[in-house]
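Here's a quick tour for anyone meeting this protein for the first time. Have a look at the sequence and the model, then read on.

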Amino acid sequence: MLQIDGLETGKDHVVQMMLANETSETLNLENSVATYNLIKVKPTQPTLAAGQSCRVDLVLQPQANFSKHVWEQSIEFRPPRGVRGASATLTVSSKLKGLFSVSPDSVLLIASTLKGESETRFTKVLDVTFSPPVDPKNFRFSGSEIVNLLDIGVTNRGSGGQAEIEVAAELAYIPTEGVHGDLEITDTVTNKVRVVHITMVQRARIRVFPSKLVFRPLANSDRWVASGMLIREQPNADKDDDIATTTTEPANVSDAVFCTASLGERAVKLKTELTEVSSNVQRFRLTIDPAKLDESSNATTKPSVMWDIHWGKDRVSDKSVAIVPSRP
């Protein structure tokens with residue numbers, strides 16, 4: 001065990017040590033293997049006979065994003081492949097100085113009504129691990145334009161080198177088309193910077209699944225057909241709500257569904273058939289006569305299905321990618 005406190009992350013540290021062979025066999029020092037290659041080993045001689053000592057130079061490389069206060073790695077000195085001999089393991093341990101780790105480094109902030117109709121504020125929490133001289137009270141938040149849409153603050157700061165950064169946005173500031181950018185967290189004393197990529201988007205209350213609709217020739221017909229689901233999110237549902245968890249309570253009159261869909265540049269209307277699966281799921285089937293598609297449309301343009309959906313009090317205009325059979 002080699003204990004060296006005060007290593008700083010993101011820097012190389014050269015340590016010289018004496019290694020003594022207390023076995024009765026010769027140790028090979030050229031075939032060393034270090035954990036995650038974070039230690040470089042430079043022995044002053046290739047082998048170490050029984051009872052001998054030699055100097056070994058170690059280059060220690062603690063990662064800048066290491067997430068624990070104690071950095072512990074190991075080095076194993078192995079005999080050459082196919083050669084019998086003694087092996088030895090050295091463990092290197094250090095309490096890190098200037099530790100500054102933020103997790104996760106990428107955040108998806110989805111605004112929806114899954115947790116309740118009245119919710120207008122959406123929050124994510126970043127976990128921070130640090131050690132002096134890094135201190136959350138010295139953090140500065142900057143970055144791309146997305147930062148102007150966020151409320152950011154440090155919470156739960158106390159002893160133990162752990163803190164939380166709360167990233168929140170009001171529904172009114174989250175674009176329906178989505179926005180993404182980088183949040184830069186800077187410790188103003190050490191000038192260390194950590195970057196978190198943030199994406200924000202409003203999730204429509206009514207969704208078309210799947211997002212890519214594959215049209216296939218209908219058997220014994222000249223028509224094309226595609227199918228999928230219309231899913232309406234429920235208030236007070238879990239955030240990971242999906243088809244499997246949707247309630248099967250019967251829909252009432254106010255939950256009637258009206259839907260139109262069209263395909264291509266000229267918005268050729270599709271025959272749309274709906275079948276109720278539950279109060280919040282409708283199965284759809286789209287049918288079209290390919291002869292009705294605009295033959296003059298750009299063949300390189302991928303066609304889209306344009307939706308206009310009325311479901312109870314909700315209305316959504318959406319677009320799905322359409323994959324259609326190739327024409328002769």
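One stretch needs some care: over residues 236-253 the pLDDT is below 50. Beyond near neighbours in sequence, that stretch still has 33 contacts in the model. Where pLDDT is low, though, the predicted coordinates should not be read in detail. As for the confidence in the protein chain, it is highest in strand β14 (residues 139-143), at a mean of 96, and lowest in strand β28 (residues 314-323), at 85.

## Rings that pair up

How many aromatic pairs does the structure hold? There are two aromatic pairs. A pair of aromatic rings is described by the distance of the centres and the angle of the planes, and here is how they look:

| Pair | Centre to centre | Angle between planes | Arrangement |
|---|---|---|---|
| Phe100 and Phe139 | 5.1 Å | 25 degrees | stacked |
| Phe284 and Trp307 | 5.0 Å | 65 degrees | edge-to-face |

Why is the pair of Phe100 and Phe139 stacked? Their planes sit at 25 degrees, and planes under 30 degrees apart count as stacked. Phe100 belongs to strand β11 (residues 100-103) and Phe139 to strand β14, so this pair ties together parts that are 39 residues apart in sequence. Both Phe100 and Phe139 are buried.

Now for Phe284 and Trp307, the edge-to-face pair. Phe284 is in strand β26 (residues 281-288), while Trp307 is in strand β27 (residues 304-311). That pair also links distant parts of the chain, 23 residues apart. Are these two residues, Phe284 and Trp307, buried or exposed? Phe284 is buried, and Trp307 is buried too.

## A serine in a loop

Let's move on to Ser279, which you'll find in the loop between β25 (271-278) and β26. With a relative accessible area of 7%, Ser279 is buried, because buried means under 20%. The side chain of Ser279 also makes a polar contact of 3.0 Å with the side chain of Asn280.

## And the cysteines?

If you were hoping for disulfides, the count comes to zero. Cys54 has 3% relative accessibility and counts as buried. Cys259 is buried as well, with a relative accessible area of 16%.

Key:
Residues are numbered from 1 along each chain as its sequence is written. This is a predicted model: local features need pLDDT of at least 70, side-chain atom pairs count only at pLDDT 80 or more; totals for chains, interfaces and linings use all residues. Side-chain values use heavy atoms; hydrogens and water are left out. pLDDT is the predictor's confidence in each residue, from 0 to 100. Helices (H or I, at least four residues) and strands (E, at least two) are DSSP runs, numbered from the N terminus. Contact means heavy atoms within 4.5 Å. Rings of Phe, Tyr and Trp (its six-membered ring) pair if their centres lie within 6.5 Å; planes under 30 degrees apart count as stacked, over 60 as edge-to-face and the rest as tilted. Buried means under 20% relative accessible area, exposed over 50%, partly exposed in between (1.4 Å probe, protein chains only). A polar contact is a pair of N or O atoms within 3.5 Å; within protein, one must be able to donate a hydrogen and the other to accept it, and residues adjacent in sequence count only if both atoms are side-chain atoms. A disulfide is a pair of cysteine sulfur atoms within 2.5 Å.
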